[in-house]
Amino acid sequence: MLIENELLEIETAPGIEIYNITPQVIDVLTKTGINDGQVIVFSRHTTTALAINENEERLIEDLKVYLRKLAPESDKYLHNDLHLRDVPPDEPINAHSHLMAMTLNNSEVIPVVSGKLALGTWQSILFFELDGPRKRNVLVQVTGR
């Protein structure tokens, strides 16, 4: 069994943004030559998330509206009391972003069958930036034979 790892770097925009990273994950899989196994996609940040869903423009906008309703930036959160915490000087006020991330996933596992991701017709791997802009890293680990 082979195990291959690659980091994807994603330069994100401000606020909530959703990126289709399926093409990058397919590129990583193709380079490995693995025919059957699985791909683990893992976000290395506490204010980002991953999901498998449809990459359709109007749905993406609906997701952003839903997340903003779920954890409004303007609500009062204890995590945002920066004067009560030992934090770096550039620490953002971002409790809402952490809460949104916790309602989503930080990883996804996709089977690999005959050298291809076994995603359904309308499925894409979506990366959620919930507190941008930032440089983000997503680990793609491909295992199999």
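Predicted model: local features only at pLDDT ≥ 70, side-chain atom pairs only at ≥ 80, totals over all residues.
**Helix H2**

I looked up the extent of H2 and found that it runs over residues 57-70, 14 residues in total. From its first C-alpha to its last it reaches 20 Å, close to the 20 Å expected at 1.5 Å a residue.

I then checked the N-terminal end of H2, which is capped by glutamate 56. A side-chain oxygen of glutamate 56 lies 3.1 Å from the backbone nitrogen of arginine 58.

Next I asked which residues of H2 are buried. They are Ile60, Leu63, Lys64 and Leu67. Seen down the helix axis, the buried residues of H2 fall within an arc of 100 degrees, so they line one face of the helix. I noted that a lysine, Lys64, is on this list.

I looked for what covers these buried residues, and the cover includes strand E2 (15-20), helix H3 (95-103) and strand E7 (124-132). On the other side of H2, I found Arg58, Asp62, Tyr66 and Lys69 exposed.

**Backbone exceptions**

Most peptide bonds are trans, and most residues other than glycine have a negative phi. I looked up one exception of each kind.

The peptide bond from glycine 132 to proline 133 is cis, with omega near 5 degrees. I placed proline 133 in the loop between E7 and strand E8 (135-144).

Serine 114 has a positive phi, near 55 degrees. I placed serine 114 in the loop between strand E5 (107-113) and strand E6 (116-117). Serine 114 is exposed, with a relative accessible area of 52%.

Note on methods
Residues numbered from 1 in each chain as written. Heavy atoms only, no water. Helix = DSSP H or I, 4+ residues; strand = E, 2+ residues; numbered from the N terminus. Expected span 1.5 Å × (residues − 1). Buried < 20%, exposed > 50% of the residue type's maximum accessible area, 1.4 Å probe, protein only. Arc of directions from axis to C-beta. Contact = heavy atoms within 4.5 Å. Polar contact = N/O pair within 3.5 Å; in protein donor to acceptor, adjacent residues only side chain to side chain.
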